[in-house]
Amino acid sequence: MEFQKETTVLGRLPLEYIRVLDFGTAVAGTVPGMLLADMGAQVIKVESRNRLDMLRYDSLVLRRERAKVREDLLDMRTHVHAVNRNKMGITLALNTPQGQEIVSELIKISDVVIDNFGPGVSQKLGIDYPALCKIRPDIIALSITVQGYSGPWKDTRGYAGNMAGLSGLATLLGYPDESEPQSNFGITCDLNAGESGALAVLLALVHRQRTGHGQFIDLSAVESTIWLLGEPLMDYVMNKRVAGRQGNHDPVLAPHGTYPCQGEDKWVSIAVDTEAEWHHFCQATGNQQWALDDRFLDKYSRLKHRAELDPLIAQWTRGHTSRQVTELLQRAGVAATPVLDPAERYQDAHFKERGLFVRLEHPKSGPEILCGNPWRLSATPPQIRFPAPNVGQHNEVVFMEILGVPSERFQDLIEKGVI
Amino acid sequence: MHASNSGPLHWLKVVELGSMVSAPFCAKILADAGAEVIKVEEPPGGDAARGYGPFPSDIPHPERSGLFLYLNTSKLGITLNVDSATGREILDKLVTEADVLVSNVEMSRLEGWRLAPTSLRDRFPRLIYAHISPLGGSGPYKDYKAYQINSEALGGVVEQVGHSGREPLQMPFHYGGYEAGLAAASAILTTLLVLGIEGKGQVIEIAEADVWVTLQTGIQFLDYQAGGLPTRVPRKAEQTALSRTYMRCKDGYMLVSMPQLAQWRRFWAVVGQPEVADNPRYQDRNKLPQEAAQELRSLVEPWFMARTKEEIFYLFREARVPITPLMTVADVVDSPQERHRTFFTEVHREDSGPLTYPGVPFAMSETPVHMRQPAPLLGEHNAEIYCRRLGYSIQELATLRQCRVI
């Protein structure tokens, strides 16, 4: 049954009355602001011209041929576009007296301040929580650091790969029969930090709505992954057992894994739980003999004999495409899905219908496809409204229109290199 | 500015109809934040996580499952057979008093119980109803069967774990369920803010596969449009150029990564070979020929092998270079940093003895979020909820049990 949109969609975004000053950089620091912006918050990304967000140098360039001058490349980076959509962008030099003055004016009209500077830096810049409180007592401040604001390891520097190693996650991923650690560095840890940060800010906003009080949130990016690893942590706590690489093993599902299909590097995922599913699986694949095989008679035997069962299944799946396997098995009530690459995900009818991809036009790099936001609210859904800001793109809008700075002062600040 | 112990959601009432990971994790976050969460478990066995483990000494016991204990802290627990007509009546009474209902029960069962979100919302216009499922309630796959690995295969994570040349891998230990629960908790908080202003509840739908596609892999989607990033990670990617690679050391591995030039210079100073930082042969780090990359590794391999993770980590923290240890779950639980942050809490409960639980990854200065009480025993709060709140007598409670309503 479909979730029907509310008949009276409020036509508004849930956080449209919230303003966020976003000093975050890289991925972990920018995702909280992104999620809030997706839900309608007015998020102002603040960058210093001398120290732009590293993603403006670090990530790939979209449609390089469209760059007119070298500086354009700063605005045409993939990760910048992905995590800064729906945000306005300003430039501000905080290490000047005029910069300090104007940032105070911005703080006064903001509800939330987010940073991932690292311990001690926001204090030097005069925008740590005690300083923020003096300007606006009900401010909500989120500081994201790799390991937390204090502690023996607070000076840890690290990116997503480091976080995967520090959280214990990296030791759980990979093939059990390989000895080298898996050198795969997806961005899951960055996203976990960003999503946990957004959660914490939302908790603070709920509290402030009822009491008028703000607060300081100290978030550890590494802990944002640790708290998702319940089973192996509890197993160590209970039994001193240290979990290692899991491969595609599952303790209760058999068969369970990915199997090769027709085509280059094409796979299908299959998972079987109950005996009924197993029988339907054997039937649907035309392998009734497996259901009678001593080695596979029940789940325990199938788990024990995985090494013999998996190659037999692979032999069968190799004769079909991943879509064929999926449709055949799903019709028989067995869990199977194709392993999709990015192009396939984009073209997939299911994700299309669910509206997960959004086309936007970026002023410099042109058309691009962004992934949407998965929080489906019936009356106030998120919206991907506009692309990531170019460096200082909204200086006029923010300083002159929103803050009300007269144009002489604005020009003066530009000349002095403050903006 | 004052600190209170009651949590930011101390006024909130939640009913959870969930099992295993996604809905229970979502409700746990709300419960640890102070909400009153009534977890409804179906008799006789309750939440399937009670049978899942891990168990102390590997002896199964429904009150000692590590997964259940972790995911259900701070909640009240009741048993209720929602298949029975009386059971549904009772659930209605509970939902009447609640602000939020969160569930990961299959939609077909919910429809059979007249608990499909839209029909429930007609009766309770202020209710926030969050439903979590692997693939969602719309689209060609809405009736597909999917376990974790199947949502991940669609969502893209499976192509990122493991490497080319062999089978793609899952994210183990119900990782996707946690991601879905986390998304649901944030979505619920957003709707609470709307409720506070407009007085209107909403229906929230969270699909695990959506979370993978949009957030967990979606952030990299533009990289494919820019023609970068191979679909599968090649084996031993970047293992040679001292860039995002693991180096063996005396007692384990260190992850070596130093994208910035200043970090590169400080690295070579720490390992006692500052001249290498200026050597033109190694300047263009992104385009090193194979032999040059291999040379760099040989230059530092002995230095790493002579030192422990702790020693190396200390040196590079001081030098502000992102070189960090590969930690096992044991290292994480025993970590001095986490001890300082009191991230793990020890809890004593009758049936399970002292256990150390992970907490939440953030410290809030005014409204701390933390475990308030251990996970409930099966039906532990039946008397409190049914008798004290709903007005049943103890005898009626016994009858309800005999009639398999609770």
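A residue counts as buried when its relative accessible area is under 20%. By that cut-off A:Ser122, at 1% relative accessibility, is buried. The structure described here is a predicted model, and it scores ipTM 0.96 and pTM 0.96. For chain B the mean pLDDT is 91, with 96% of its residues reaching 70 or more.

**A:Ser122 and its surroundings**

- A:Ser122 sits in helix α5 of chain A, which spans residues 121–124, and its relative accessibility of 1% is the reason that it counts as buried.
- The side chain of A:Ser122 is joined to the side chain of A:Tyr149 by a polar contact of 3.1 Å.
- When residues up to four places away in sequence are left aside, A:Ser122 touches A:Tyr149 and also A:Phe117, A:Ile127 and A:Asp128.

**Cysteines**

- A disulfide is a covalent bond between the sulfur atoms of two cysteines, and a search of the whole structure, over all chains, finds zero of them.
- The sulfur of A:Cys371 has its closest cysteine sulfur in A:Cys189, and because the distance is 19 Å, the two are too far apart for a bond.
- A:Cys371 is also buried, because its relative accessibility is 4%.
- For B:Cys249 the closest cysteine sulfur again belongs to A:Cys189, and because it lies 20 Å away, it is too far for a bond.
- B:Cys249 has a relative accessibility of 0%, and therefore counts as buried.

**The sheet of chain B and the helices across it**

- In chain B, three strands form an open sheet in the order β7-β8-β9, and their pairing is antiparallel.
- The edges of this sheet are β7 (245–249) and β9 (323–325) of chain B, each of which has a single partner strand, so one side of each is left without a neighbour in the sheet.
- Neighbouring strands of the sheet are turned against each other by 30° on average, if direction is ignored.
- Strand β7(B) is joined by five bridges to strand β8 of chain B (residues 252–256), and the two run antiparallel.
- Within this part of the sheet, B:Cys249 has B:Gly252 in β8(B) as its bridge partner.
- Helix α12 of chain B (residues 290–305) lies across β7, β8 and β9 of chain B, and runs at about 45° to β7(B).
- Helix α13 of chain B (residues 309–318) also lies across β7, β8 and β9 of chain B, and runs at about 150° to β9(B).

**Helix α1 of chain A**

- Helix α1 of chain A, made of residues 31–38, is mostly covered, with eight of its eight residues buried.
- The buried residues of α1(A) are A:Val31, A:Pro32, A:Gly33, A:Met34, A:Leu35, A:Leu36, A:Ala37 and A:Asp38.
- After α1(A) comes A:Gly40, which has a positive phi, near 105°.

**A hairpin in chain A**

- Strands β10(A) and β11(A) form a hairpin, and three residues stand between them.
- Six bridges join β10 of chain A (residues 357–362) to β11 of chain A (residues 366–371), and these strands run antiparallel.
- In this pairing, A:Glu361 stands opposite A:Pro367 of β11(A).

Notes. Residues numbered from 1 in each chain as written. Chains lettered and ligands numbered in written order. Predicted model: local features only at pLDDT ≥ 70, side-chain atom pairs only at ≥ 80, totals over all residues. Heavy atoms only, no water. Helix = DSSP H or I, 4+ residues; strand = E, 2+ residues; numbered from the N terminus. Buried < 20%, exposed > 50% of the residue type's maximum accessible area, 1.4 Å probe, protein only. Polar contact = N/O pair within 3.5 Å; in protein donor to acceptor, adjacent residues only side chain to side chain. Contact = heavy atoms within 4.5 Å. Disulfide = S-S within 2.5 Å. Pairing = 2+ DSSP bridges. Axes fitted to C-alpha atoms, helices over the stretch in contact; angles between N-to-C directions. pLDDT = per-residue confidence, 0-100.
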